[in-house]
Amino acid sequence: MPRLTIDGQVIEVPPGTKVIDAAEALGIVIPRLCYHPALGPAGACRLCAVSFLDGPVKGVLMSCSIEARDGMVVSTEHPEAVSFRKQVIEWLMMNHPHDCPVCDEGGHCLLQEVTVASGHCRRRYPGPKRTFVDQDLGPFVQQEMNRCIHCWRCRRFYQDYAGYRDFGALGIGWRTYFGRATSGVLESPFSGNLVDICPTGALTDKPSRFMARRWDVERAPSLCIHCSLGCNVTVSAHLREIVQVEARYNGDVNGHFICDRGRYGFDYANHPLRPRSPAVMGEETSWSKAIAQAVAGIEEVTRAHGPKAIGVVSSERASLEAMVTLSLLCEETGWEGPAFFQDEETLVKNRLLAQVALSHGIAGLREVEKADLILIVGTDPICEAPLLALAIRQAWRRGAWVGALDPRPIELPLTFEQSGLWDEELKKALLKGAQREEGLEEVLPGWKEALDRSREIVVILGPTVVDISSLRRCGEFVSKLGKKARIFPVFRGPNSLAASALSRESTFRSLARKIREGKIKALLLVEADPFHGTKMRGELEASIRSLELTIVIDYLPSEVVKRAHILIPSATIYEGGGSFINQEGRLQRASPVHRGGIPLRRNLQGNLRPPRTFAKGPPGETAKSSWQVLLELGERIGKGLGIEDKEDIWKVARERFPFLWQVEPGGRISWEGGGVQEEAMEEEEDPSQSSQEMRVLLVTSTFAGEELSQYSSKLDPVRNEARAFFNEEVASQRGLRRGDRIWIRMGDVRVPFSVKTSPKVPSKLLILDPGNEGLWREVREVSKTIGWTEIERA
Amino acid sequence: MGEKREGRSRDEAERREGGLHVLGAIWGGFATTLKHLFRRPITQQYPEVRRSLPERARGRIILTRDPKGDERCVACELCSAVCPVSCISMQAAQREDGRRYALWFRINFARCIFCGLCEEACPTLAIQLTPDFEMIKADPLDLLYEKEDLLVDHCGKNTYYDYQEHCGTGEKGMRPGELPPVDPKTNLP
């Protein structure tokens with residue numbers, strides 16, 4: 001443990017620590033531009049110069065590049081170091097355009113900060129400035145190369161850390177240009193991080209361009225709820241509008257970065273069609289009237305058919321507060337539910353996955369980064385949990401071996417083995433793997449060798465593609481691997497783990513069955529849209545239409561909202577905050593960011609100016625969180641829960657659901673899974689296996705398919721079209737080539753697809769990615785199998 | 001104690017001088033009045049007569065234009081940041097030619113204290129205070145000035161400065177004091 005003195009204070013740091021970090025541990029922040037904890041030192045900006053007065057090295061040196069060693073005496077305020085830094089700033093500013101007033105970074109710019117701190121204010125060099133021509137880097141990142149100071153952070157992140165090659169450095173010396181070979185959309189789904197790490201205004205956020213200055217925005221720590229990872233973010237709101245989401249450092253979860261889905265998926269909160277005021281039968285009304293109507297409706301149904309005639313549906317995106325309130329309310333009233341999942345299969349899969357993962361040691365993103373053998377089973381990281389891909393890459397950079405068992409053509413920014421197994425074949429392979437150590441060698445060459453030298457194994461497991469018995473098989477397989485193996489579960493929603501823990505036997509499918517049987521007459525949907533990603537649209541529509549009463553509490557302009565008898569708008573995570581349990585069982589809380597209301601941008605009048613009226617509150621009533629609405633409903637029907645505020649919910653939940661709430665926020669829950677009943681695990685019969693038919697597998701992609709981000713207009717430019725993945729050989733036999741346009745007939749509608757081929761796709765499988773879901777609105781039922789007769793060339 | 005003693009001694013002195021001192025003061029006052037009776041009055045009758053105030057007097061705020069006739073304001077929000085009473089608000093936007101401008105700009109003169117900090121902060125010399133101070137309105141809402149009320153058709157106090165010439169939307173490398181753009185695809189000097 002080296003002991004060194006920095007500015008008269010003595011500190012002992014672990015070996016390998018850089019002097020700049022040692023100083024930071026003492027609370028001394030040495031100015032830096034190129035150094036970033038996640039990217040390491042580059043020694044490019046020369047700004048972190050400090051004086052080494054005594055010890056193994058002496059003189060003015062870069063603190064980011066020098067490891068702390070015993071006996072070092074460092075002075076950050078030595079006149080020599082200070083004047084050196086001042087000189088450096090002057091050099092850096094020599095070619096800077098000094099255009100802070102029109103720069104979006106102005107106000108939170110690292111370069112601005114260090115320049116002001118150094119006291120530099122006049123450019124003494126009279127010569128001309130170097131210039132660059134900018135490129136269009138797509139919808140997320142705005143480039144202004146003149147402002148660049150060549151810290152190399154962008155290139156180091158984009159190519160080294162994230163592993164994409166289309167953005168990098170061109171040229172040499174002071175002419176170095178950071179960009180693409182030609183203008184074009186950045187390929188990486190992590191491109192938004194360039195904005196965060198750029199210390200100047202060279203790369204700024206395009207969607208929030210010119211929206212607000214940092215000192216004007218309302219900012220609060222929040223969570224990303226666009227997948228199950230639960231990345232930490234900071235959200236900025238301005239004039240009743242969410243303008244920007246940035247990564248917030250959490251060493252236990254996401255580190256410094258987030259993906260573009262999380263960064264630009266926030267716009268659902270500003271959606272022009274977002275329900276803002278309560279409505280009864282499609283007509284806007286007041287809060288009190290809507291609540292009174294809902295209460296009257298519920299009481300009527302209860303009187304006529306009993307409490308079991310009211311079904312309650314929620315979803316995996318509801319906050320833990322809403323889930324707990326709903327569960328308590330259902331217990332109190334005897335309503336049917338709550339159902340958090342679409343069907344029994346999903347519920348069982350989620351529970352089983354939680355159980356398997358929790359009993360074998362659950363892994364989070366940090367464990368993935370540390371692992372030296374990673375096996376991906378039934379998960380497409382980039383599509384389902386993008387930041388996971390970044391974590392896998394970090395492990396791979398340290399020498400980890402990565403293998404994948406998935407029928408989809410997975411794309412990851414690293415080299416890995418993939419075997420396109422599915423269903424029976426996957427089951428067989430996992431069984432072999434569970435029986436013998438080298439069992440997977442046949443399908444994943446290199447497995448045996450990697451297994452022999454591995455110390456920490458992480459098996460990434462997702463429930464979307466894998467069926468129930470394969471999940472179970474995977475559990476056996478992991479227990480065979482022993483103590484060094486952990487399971488990293490990937491769920492669908494941000495609160496899936498809590499949903500599977502709080503779920504009873506009801507699922508949406510079981511409620512729908514009861515609706516058809518006439519047992520359920522009313523449905524209460526809390527932040528749930530059964531139409532999202534459904535394969536049975538026709539059936540669903542019929543059931544919803546046959547209901548006597550549909551009460552929807554939601555903040556999305558979803559399809560079920562349009563069909564609601566009584567609509568009560570709720571607050572998003574940005575207005576109401578909430579608690580969520582991420583895929584590794586970590587309980588995290590989000591703070592409310594702003595009060596909400598209709599964004600001023602949508603309320604401009606006449607000559608594009610804000611309205612000239614006085615009002616007590618903001619237009620568009622401040623929505624209440626769904627749990628507040630539920631409590632009010634419960635109170636009004638005489639089933640009050642005695643809960644007043646969030647603290648009360650947490651208190652009650654700690655008693656009632658101790659497995660979820662024993663921990664403080666930031667900690668992992670102590671639930672051990674469970675509640676998986678054998679009889680619920682009936683598996684569907686394998687549909688026709690005739691040679692002409694292909695089985696259909698519905699998947700989602702990074703920017704299309706996730707429920708919330710689907711409503712974000714910021715992601716519209718990067719959403720992919722509907723794609724159909726065929727086995728390469730099968731496709732070429734039928735004369736289909738990559739990029740061809742086809743129609744697939746489903747019922748009486750034809751859906752257009754773009755053909756993708758891959759040798760990894762099993763020959764009897766057709767993988768469909770709906771892309772922009774608008775195309776699917778007319779499909780009443782997605783077929784389980786599709787024959788070649790139903791496919792035609794466009 | 002000292003003060004008290006001093007006061008007493010002054011009273012005694014006045015008593016000694018008697019009425020003569022008072023009389024002199026009265027005559028002096030009358031003489032001054034008499035003198036002014038035959039002078040021309042220097043009071044100006046406002047509002048019939050309006051003095052022109054110095055150029056730097058701080059009154060109604062305007063948004064000026066650059067010498068080319070385009071809006072100077074780039075909506076950088078420095079004026080609203082520095083404003084001690086938060087009476088300036090705006091929304092920046094991008095014009096078709098890429099130039100940053102104020103989509104709407106509003107000053108609440110009911111709140112403004114005419115301190116002139118906004119003018120000092122403005123990097124483009126767009127926001128300026130004028131000597132006009134007569135802004136009486138019956139309705140406080142009329143004191144809410146919009147961009148069209150603020151924007152004038154001249155350069156204000158400075159007739160030559162054009163911010164856009166230095167760091168605006170012009171073509172890269174073609175503005176004064178700039179080298180031609182670097183071609184990143186060659187390493188030749």
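This is a predicted model: local features need pLDDT of at least 70, side-chain atom pairs count only at pLDDT 80 or more; totals for chains, interfaces and linings use all residues.
How many residues does the contact take from chain B, and how many from chain A?

Figure 1. The contact takes 29 residues from chain B, and chain A puts in 28 residues. On the chain B side, the elements that give two or more residues are α3 (78-82), β2 (88-94) and β3 (100-108). Of these, β3(B) hands over the largest share, four residues. Sort that side of chain B by class and you get 16 nonpolar, five polar and eight charged residues.

Figure 2. Confidence in chain A is lowest in helix α23 (residues 658-661), with a mean of 74. Its highest value, 97, belongs to helix α12 (residues 386-397) of chain A.

**Figure 3. Two helices of chain A, α8 and α22, cross each other.** A pair of packed helices is described by the angle between their axes and the distance between those axes. Here, the axes of α8 (residues 320-333) and α22 (residues 646-656) come within 10 Å and cross at roughly 65°. The crossing of α8(A) past α22(A) is left-handed. From α8(A) come A:Glu321, A:Val324, A:Thr325 and A:Leu328, and they meet A:Lys646, A:Ile649, A:Val652 and A:Ala653 in α22(A). By class, the residues of this contact are five nonpolar, one polar and two charged.

**Figure 4. Domain 2 of chain A touches domain 4 of chain A.** Chain A is divided into domain 1 (3-92), domain 2 (130-270), domain 3 (346-497) and domain 4 (693-793). Taken over C-alpha atoms, the centres of domain 2 and domain 4 of chain A are 31 Å apart. Their contact draws 13 residues from domain 2 and 12 residues from domain 4. On the domain 2 side you'll find nine nonpolar, two polar and two charged residues.

**Figure 5. Seven strands of chain A make an open sheet.** Follow the order β32-β27-β31-β28-β30-β29-β33 (chain A); the pairing is mixed. β32 (785-787) and β33 (791-793) of chain A sit at the edges with a single partner strand each, so one side of each has no neighbour in the sheet. On average, neighbouring strands of this sheet are turned by 40° against each other, direction ignored.

**Figure 6. A closer look at β29 and β33 of chain A.** Strand β29 (residues 741-746) and β33(A) pair in the antiparallel sense, over three bridges. Look for A:Ile742, which stands opposite A:Arg793 in β33(A).

Terms used:
Residues are numbered from 1 along each chain as its sequence is written. Chains are lettered from A and ligands numbered from 1 in the order in which they are written. Two residues are in contact if their C-beta atoms, placed from the backbone, lie within 7 Å. Ala, Val, Leu, Ile, Met, Phe, Trp, Tyr, Cys and Pro count as nonpolar, Asp, Glu, Lys and Arg as charged, and the others, Gly among them, as polar. Axes are lines fitted to C-alpha atoms, for helices over the stretch in contact, and angles run from 0 to 180 degrees between N-to-C directions. A crossing is left-handed if the near helix is turned anticlockwise from the far one by less than a right angle, and right-handed if clockwise. Domain bounds come from an automatic or database domain assignment. pLDDT is the predictor's confidence in each residue, from 0 to 100. Two strands pair if DSSP finds at least two bridges between them.
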